[in-house]
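Let's take a friendly walk through the charged pairs and the surface of this protein. Have the structure open as you read.

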Amino acid sequence: MWRFLEYLLIAGYIVVLLVVSHWIGDQAYSWMPVEATAEAQKVDRLFSFLTAIGAFIILGLLGMMVYSVLFFRAPKNDYSEGHPSRGDLRLEFLWTATPTLLVLWLAFQGFNIYQQLDILGLQQIVHLHTPLEEPVYAALSADQPKPAAETIDVFVKQWDWSFRYPNNITSNELHLPVNLRTRLNLHAKDVLHSFYVPEFRLQQYIVPGRDIDIVVTPTRIGEYQLKDALFSGTYFALMTAKVQIESPEQYNQWLTTAENQTIAAENQAVAEYNQPPKTLFKSNWYTVAPEQPATLQGAAQRANVQKRKVKNDT
């Protein structure tokens with residue numbers, strides 16, 4: 001009878017453990033920044049799953065320790081050794097098979113998420129345009145993904161981001177239409193950089209001399225921050241850019257407005273570099289001097305400037 005009650009207690013604890021672990025996994029969604037892309041939803045789902053698995057293991061081990069302390073405590077003044085567990089084939093099989101099955105399960109879940117990203121249209125995750133490497137493709141899904149609505153060139157250098165849009169507009173802000181796949185073609189001028197927007201859950205190294213493509217599908221209208229997640233020198237912490245996700249109508253309106261505007265770009269690194277020294281001692285460390293902020297012009301504005309230049313020359 002006591003053995004039955006013991007097994008019943010263990011089974012009840014496992015059920016409670018599953019419920020609590022699932023609840024902790026659901027809470028993990030709130031630990032991350034908001035989801036701004038379709039890719040972020042799949043990444044967060046995998047993170048929640050791993051959190052639930054980790055909570056189940058930790059709480060399970062804690063429960064085993066508490067159970068052992070309560071029911072298998074040695075009597076007072078009993079210093080004899082416990083029964084040795086070495087050579088127990090059942091125990092050896094248990095602690096070998098269980099982690100193996102768990103790792104295989106996690107690998108399957110990760111692969112499943114990768115397949116779901118492909119269903120969302122990420123047929124081409126990363127494409128390196130170099131003669132020495134073949135393009136890297138995800139597995140093709142049954143439903144062929146639609147081509148990206150826009151292709152935006154992203155240029156990064158020490159210490160600045162800039163973006164060139166299909167109508168030849170150049171800006172220091174990244175504007176993306178919501179619910180439309182957009183291909184970002186990444187270019188680095190000098191050293192390694194990293195394209196990272198926390199709300200996108202996608203981080204991609206940008207290698208000088210290579211054009212690297214990533215595809216994003218924005219799903220949440222709002223303003224976000226692009227960061228350089230790779231240490232690239234003195235002012236890399238100042239290399240931020242505004243990312244604006246907006247409706248297709250607002251996006252097209254912004255393109256039309258920007259095409260006829262001249263905007264003086266801001267560069268925080270320039271302001272920091274031009275500040276007088278704040279200490280009496282100079283380190284004499286070499287620092288890459290940031291270029292002066294460029295004047296960003298739309299295609300129509302540049303055409304007018306070129307016409308005036310030709311007219312003055314003649």
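## Salt bridges

This predicted model holds three salt bridges. As a reminder, side chains of opposite charge can pair when their charged atoms come close. Each of the pairs gets its own look below.

## Asp44 and Arg201

Start with Asp44, which pairs with Arg201; their closest N and O atoms are 2.7 Å apart.

## Asp153 and Arg164

Next comes a salt bridge between the side chains of Asp153 and Arg164, at 3.1 Å from N to O. Asp153 is part of strand β2 (residues 150–157) and Arg164 is part of strand β3 (residues 160–164), so the pair ties together parts that are 11 residues apart in sequence.

Asp153 is buried, at 15% relative accessible area, whereas Arg164 is partly exposed, at 34%.

## Lys242 and Glu173

In the remaining salt bridge, the side chain of Lys242 meets that of Glu173, with 3.3 Å from N to O. Here again distant parts of the chain are linked, as the residues are 69 apart. You will find Lys242 in strand β11 (residues 240–246), and Glu173 in the loop between β4 (170–171) and β5 (174–177).

How accessible are Lys242 and Glu173? Lys242 counts as partly exposed, with 27% relative accessibility. Glu173 is partly exposed as well, with a relative accessible area of 23%.

## A nonpolar patch on the surface

A nonpolar patch on the surface is formed by Tyr7, Ile10, Tyr13, Ile14, Leu18, Phe56, Ile57, Leu61 and Met64, and together they have about 840 Å² of accessible area. The elements that give two or more residues to this patch are α1 (2–27) and α2 (38–71).

Which element gives the most to the nonpolar patch? That is α1, with five residues. Tyr13, one of the patch residues, is found in helix α1. With a relative accessible area of 36%, Tyr13 is partly exposed.

Definitions and conventions: Residues are numbered from 1 along each chain as its sequence is written. This is a predicted model: local features need pLDDT of at least 70, side-chain atom pairs count only at pLDDT 80 or more; totals for chains, interfaces and linings use all residues. Side-chain values use heavy atoms; hydrogens and water are left out. Patches are made of residues with over 30% relative accessible area and no salt bridge: like charges are joined within 9 Å, nonpolar side chains (Val, Leu, Ile, Met, Phe, Trp, Tyr) within 5 Å. Accessible areas come from the Shrake-Rupley method with a 1.4 Å probe; for residues, only the protein chains shown count as cover. A salt bridge is a side-chain nitrogen of Lys or Arg within 4 Å of a carboxyl oxygen of Asp or Glu. Helices (H or I, at least four residues) and strands (E, at least two) are DSSP runs, numbered from the N terminus. Buried means under 20% relative accessible area, exposed over 50%, partly exposed in between (1.4 Å probe, protein chains only).
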